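Here is a short report to read alongside the model. Keep the viewer open as you go.

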Amino acid sequence: MRNLFAFIYRFRAFLVFVLLEALCIFLIVRYNTYQGAAFFNSASTYVGRVLEFQSGITEYFNLATVNTTLADENARLRQEVMQYKLAGITDSVARMDTTLLVTTDSAKVIPYKLHAGKVINNSVRRNNNYLTLSIGSANGVQPGMGVIASNGVVGRVKTVSENYATVTSLLHSQLLISAKIKRNNTFGTIKWQGGNYRTAILDYIPLHVQLTKGDTVVTSGYNTVFPEGIMIGTINSVSKEPDKSFYTIDVKLAVDFAQLAYVYVVENTLKAERDTLEQTSGILPNE
Amino acid sequence: MNSVFGIRHIVQFVLFIALQILLFDSLVLFGTGFCFIYISFLLFLPIHINKVLLLFLGFVAGFTVDIFYDTMGIHAAASVLLAFMRPHILNLLTPRDGYETSDSANLHKMGWNWFLTYSLLLIAIHHTAVFMLEIFGFDWRILLNLLLSTMFTGVVVVILQLLFFSVKRASR
């Protein structure tokens, strides 16, 4: 027995090393998926405060870019509102006899709510990138919700604390987003394979589809995460590989992830209903 | 000998981790060269520090960075590996008449040759671990990452030594 203790004591450094490494590997395997809650992450209150302090200093440096983006978005939204207003003026449906027309309930048409949040931590150059936002469960953010910027898809909420949320960026090797080509509604999957943060791959587009460079790729709306038709990017190049039955398509992402300042978390108010329906009927949701 | 792990090292710990998170997180050379400066906390510890304590310090330093980087366990694993390899590298590089008890891993005290071999070896070990764990395998692309990052971190470590570890303090 004493020999055993002597042995353990002699190799204590090595044993502690092996134990700590085993713990680390466990942490890596358990918590480095694109979803799933880790107890320690950048959404925790203290870490969030430090990151907020940091972004409080650095945000002044790209205020000009942020302002232009917001002004652009405002202009676009104002234009859209104007169109609706004009349509409302010229439209005489409201004055029609209700016996002839069933009015649609406008509350049910758009089940999506947007929560604006500031990006306080961001990375684009690692193999798996994450963002931290300064909104959390107190503002209605829940894990699994989609995140979009004014010009396109950003990612999915990973974990949430009261005032902060971490987001799995589209620039993550395990995040797949259901997408379609806007022109002909062919749907595929967007994934990022590391390297350049301005391009991603669109996979599972069959070879019979006609494609042209510059085609717009948008979200498909086949799941409850993103609304249909949110911009993802434009087709950059298309190539056929001899042993594959799908195209290899390079997509130029619409969002410049290095410039992100404000994003919107998408809340789908009908998510629970649709997910339970799809699950009880035995269909796995298309992520 | 009794103040082997003193207030100085706690200050260094906070300082280097803060540098890593606040500054070097957004400082990337050509999109491939990263600087993990927080490991200089482990590099600058006294030569005769307890091996087991060193391992735990490595874990704590790596884990703190992991929390901010959202890379659960990757930096912790790499730092523990560095902490484990440090005594072995130190053994390899022992000067002809051994280390003195007051020796620390200091550029002015141990000389350029010794310090560069010591730090570059350990930095390379740490960075290899980080990049390989990040993609959980091996890819030829990470060789470029590795080369640039090791040089980047190495240069910053030397700059830190030249700036903040003066010749006077080393001879004390």
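## About the model

This is a predicted model, where local features need pLDDT of at least 70 and side-chain atom pairs count only at pLDDT 80 or more, while totals for chains, interfaces and linings use all residues. Residues are numbered from 1 along each chain as its sequence is written, and chains are lettered from A and ligands numbered from 1 in the order in which they are written.

## A helix pair in chain B

Take a look at helix H4 (residues 74-92) and helix H6 (residues 112-135) of chain B, whose axes come within 9 Å and cross at roughly 150 degrees. Axes here are lines fitted to C-alpha atoms over the stretch in contact, with angles from 0 to 180 degrees between N-to-C directions; helices are DSSP runs (H or I) of at least four residues, numbered from the N terminus. H4(B) and H6(B) are therefore roughly antiparallel (over 145 degrees).

## Where the chains meet

The contact takes 23 residues from chain A and 20 residues from chain B, with residues in contact if their C-beta atoms, placed from the backbone, lie within 7 Å. On the chain A side, helix H2 (12-31) and helix H3 (45-58) each supply at least two residues. H2(A) gives the most, with 11 residues.

## One residue of H3(A)

A:Ile57 is found in helix H3 of chain A. It counts as exposed (12 or fewer other C-beta atoms within 10 Å), because it has 9 C-beta neighbours inside 10 Å. A:Ile57 and A:Glu278 lie 221 residues apart in sequence and 46 Å apart in space, C-alpha to C-alpha.

Key: Angles under 35 degrees count as roughly parallel, over 145 as roughly antiparallel, 65 to 115 as roughly perpendicular and the rest as oblique. Two residues are in contact if their C-beta atoms, placed from the backbone, lie within 7 Å. A residue is buried if 20 or more other C-beta atoms lie within 10 Å of its own, exposed if 12 or fewer, and partly exposed in between; C-beta atoms are placed from the backbone.
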